[in-house]
Amino acid sequence: MSVVVVGSANLDLVYRVERIPAPGETVLATGADSAPGGKGNNQVTAVARAGGEATFIAAIGDDAAGDRLEAGLIEAGVDLRVRRSDRPTGTAVITVDDGAENAIVVDSGANRTLVDLTDVERDLIAGADVLLLQLETPLETVERAARVGHAAGATVVLNAAPIRPLPAELLSTVDLLIVNEHEAAQLAADTHGAFRGRADEEELAQVLSSLGLAVIITLGSRGALVCVPGEPPAHVAGHPVDAVDTTGAGDTFCGALVAELDRSGGGRPDLGRLVDAAAFATVAAALSVQRPGAVPSIPTLEEIHDFRA
Ligand code: ADP
C-alpha cells in the first residue's frame, strides 16, 4: 500500500499585527514566526503522521527554506522525491490581525517549475495505490499526474483547492473529489451554471457526483458529506472541540482520509469505505484545530486512535 502526493511546498512567514496595513501604510509586527506550509507539504505530512506510506513529488529552492522543508518532511517519515529548482522556495507572507483576520501574499517560486514529470516520477505515480493532488501547482502537472495515475489503476484523489475552473478531461481521471462548501458551490457553478448560491450542500454533492466521481464536501465543525454517483449523500459527524486555529484543517482531513483509504484496499472506493475513511479524517482534523499552526498541529496515528477510544 502506498500514497503518492504531488503538490506544493512553501515556507509560511507569519506576522502578527494589530491591524492589517492599508495601501501605502507600514505597521510594526507584534510578533513573527515561520513554519512549513503549502497544501502538498501539509497533506503529505498528514498522510505520514496518520500511518500512511507517503511519497512526495514537489519542487523547492536550493536554499535554507528548502533545507528546512526537507528536514521537516524527513522527520515526519515522508519518502522525498523533491526537486531542487534554481527558483527560490515558495513563500507565503501571512499577516494576522488581533481579530484573527488575515491577508496573505504567496510567491509560488520553485513550485512553478514543477511542470513536466520525469520518467522516474511517472513510474512512482504509476506504482501508487492512491494519488493525492491539489491545485497549488501548475494545472498541466495536475492533469499529467492524474492521467498517469488513472491509466495505471491508482485511486486518484483531487482536493480542488484553491478552486479554479477544471477541464472535464481532468475530472474524468479523478475517482474522488474533496472540496469545502465554498469550493463545492464554485465548482458546481462552473460545471452546471445555474447552481450558484441556490443549492444546499446535499444538492451540491449530488450535482458534483453526477460528473461520475465520488465527492466529499467538508463542512467545518459539522463534519463532512460523502456522495457517490446514484446514491443519496451520507453525513459524517464532526467532533465538537474548542478550536483555536483552523489553518490546515482541510489539509489534515485530506491526508488522514487518504491514509485510511489506502489501508482499506485498492480501486475505486465505495460509499462504505469512504464513510469510514471520512470518520477517521474528521477525528484527525478535529485534533488539528485544537492546536496552532498547520504542520505542527497535524496529529499522529496514536493520537487519532486515542481520541476514538
Ligand atoms: P477548509 O479548512 O478546507 O475550509 P473545513 O473548514 O470544512 O475545510 O474543515 C475541514 C475539516 O476539518 C472538517 O470536515 C472537520 O472535520 C474539521 N474541522 C474544521 N473546523 C472544525 C471545528 N471548528 N471543530 C471540529 N472540526 C473542525
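Colleague: Which residues of strand β12 (residues 224-227) lie on one side and which on the other, and are they buried or exposed?

Modeller: This is a predicted model, in which local features need pLDDT of at least 70, side-chain atom pairs count only at pLDDT 80 or more, and totals for chains, interfaces and linings use all residues. Residues are numbered from 1 along each chain as its sequence is written, and side-chain values use heavy atoms, without hydrogens and water.

In β12, Ala 224 and Val 226 point to one side, Leu 225 and Cys 227 point to the other, and all of them are buried, so that both faces of the strand are covered (buried is under 20% relative accessible area, partly exposed in between, exposed over 50%, with a 1.4 Å probe and protein chains only). Strands, like helices, are DSSP runs numbered from the N terminus (E, at least two residues, for strands; H or I, at least four, for helices).

Let us turn to the partners of this strand. Strand β11 (residues 214-218) pairs with β12 in the antiparallel sense over four bridges (two strands pair if DSSP finds at least two bridges between them). Within this pairing, Val 226 of β12 is the bridge partner of Ile 216.

Ile 216 is among the residues with the most contacts inside the largest nonpolar core, which has 48 residues (a core is a set of buried Ala, Val, Leu, Ile, Met, Phe, Trp, Tyr and Cys joined through side-chain atoms within 4.5 Å). Val 47, Phe 56, Leu 176, Ile 178, Phe 253 and Leu 257 are also listed there for their contacts. Helix α9 gives the most to this core, with ten residues. Apart from its neighbours within four places in sequence, Leu 257 is in contact with Ile 216, with Leu 176 and Ile 178, and with Ala 277, Ala 278 and Ala 281 (contact means heavy atoms within 4.5 Å). A second, separate core has 41 residues, including Leu 135, Ala 160, Val 207 and Leu 213.

Four strands form an open sheet with mixed pairing, in the order β3-β2-β6-β7. Its edge strands, β3 (31-37) and β7 (102-107), each pair on one side only. Strand β2 (residues 10-16) runs parallel to strand β6 (residues 90-96), the pair being joined over seven bridges; Asp 12 has Ala 92 of β6 as its bridge partner.

Ala 76 is placed in helix α2 and counts as buried because its relative accessibility is 16%. Leaving aside neighbours within four places in sequence, Ala 76 is in contact with Thr 45 and Ala 48. From Ala 76 to Ala 46 there are 30 residues in sequence, while the C-alpha to C-alpha separation is 8.8 Å.
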